Amino acid sequence: EGQVDNSKTTFKFRFDGILPMQVTQKDVFERVAKPVIDDVLRGINGTIFAYGQTGSGKTFTITGGAERYDDRGLIPRTI
């Protein structure tokens, strides 16, 4: 009694889409953020949540890089 059974060895996940490694920040914005932003501007709540392994690019995707204008992330493109 009171023990947790974490023995599940198979998991199933559903994805709305997968972006390739060569995807640009602009492409990510158009596919992921723009539909959410359009809904927000129509009064519908929206959230974009970046989740993943350390070093996988979450911060870069959300805020972007400082070196090149094309590397702007989702937040600067939204503003």
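1. The largest pocket holds about 960 Å³ of space. A pocket is an open set of points on a 1 Å grid over the protein atoms alone, where a 1.4 Å probe fits, with protein on both sides within 12 Å along at least five of seven lines. The volume is the space filled by probe spheres set on the points, which are joined across faces, edges and corners. The model is a predicted one: local features need pLDDT of at least 70 and side-chain atom pairs count only at pLDDT 80 or more, whereas totals for chains, interfaces and linings use all residues. Residues are numbered from 1 along each chain as its sequence is written, and side-chain values use heavy atoms, with hydrogens and water left out.

2. Which residues lie nearest the centre of the largest pocket? They are Leu19, Val28, Val32, Phe49 and Thr61, out of a lining of 28 residues; lining residues have an atom within 4 Å of a point. By class, the lining comprises 16 nonpolar, nine polar and three charged residues. Here Ala, Val, Leu, Ile, Met, Phe, Trp, Tyr, Cys and Pro count as nonpolar, Asp, Glu, Lys and Arg as charged, and the others, Gly among them, as polar.

3. Helices H1 and H2 each supply at least two residues of this lining, and H1 gives the most, with five residues. Helices are DSSP runs (H or I, at least four residues), numbered from the N terminus.

4. Helix H1 spans residues 25–41 and bends by about 50° at Ala33, with a proline, Pro35, following within four residues. The bend at a residue is the angle between axes fitted to the seven residues ending there and the seven starting there. Just after H1, Gly43 takes a positive phi of about 95°.

5. The buried residues of H1 are a further point: Gln25, Val28, Phe29, Ala33 and Ile37 are buried. Buried means under 20% relative accessible area, exposed over 50%, and partly exposed in between (1.4 Å probe, protein chains only). The buried residues of H1 pack against helix H2 (58–63) and helix H3 (74–78). An α-helix has 3.6 residues a turn, so residues three or four places apart point the same way.

6. Gln25, in helix H1, counts as buried because its relative accessible area is 8%. The side chain of Gln25 reaches the backbone oxygen of Phe60 at 2.9 Å, a polar contact (a pair of N or O atoms within 3.5 Å, one able to donate a hydrogen and the other to accept it; residues adjacent in sequence count only if both atoms are side-chain atoms). Beyond its neighbours within four places in sequence, Gln25 is in contact (heavy atoms within 4.5 Å) with residues including Phe60, Thr61, Asp70, Asp71 and Arg77.

7. Are Asp70 and Asp71 buried or exposed? Asp71, in the loop between H2 and H3, is buried because its relative accessible area is 15%. Asp70, also in the loop between H2 and H3, counts as exposed because its relative accessibility is 51%. Outside four places in sequence, Asp71 is in contact with Gln25, Phe60, Gly64 and Gly65, while Asp70 is in contact with Gln25 and Arg77.

8. The loop between H1 and H2 contains Ser56 and Gly52. Ser56 is partly exposed because its relative accessibility is 49%, and Gly52 is partly exposed because its relative accessible area is 32%. A polar atom of the side chain of Ser56 lies 2.7 Å from the backbone oxygen of Gln53. From C-alpha to C-alpha, Ser56 and Glu67 are 19 Å apart in space and eleven residues apart in sequence.
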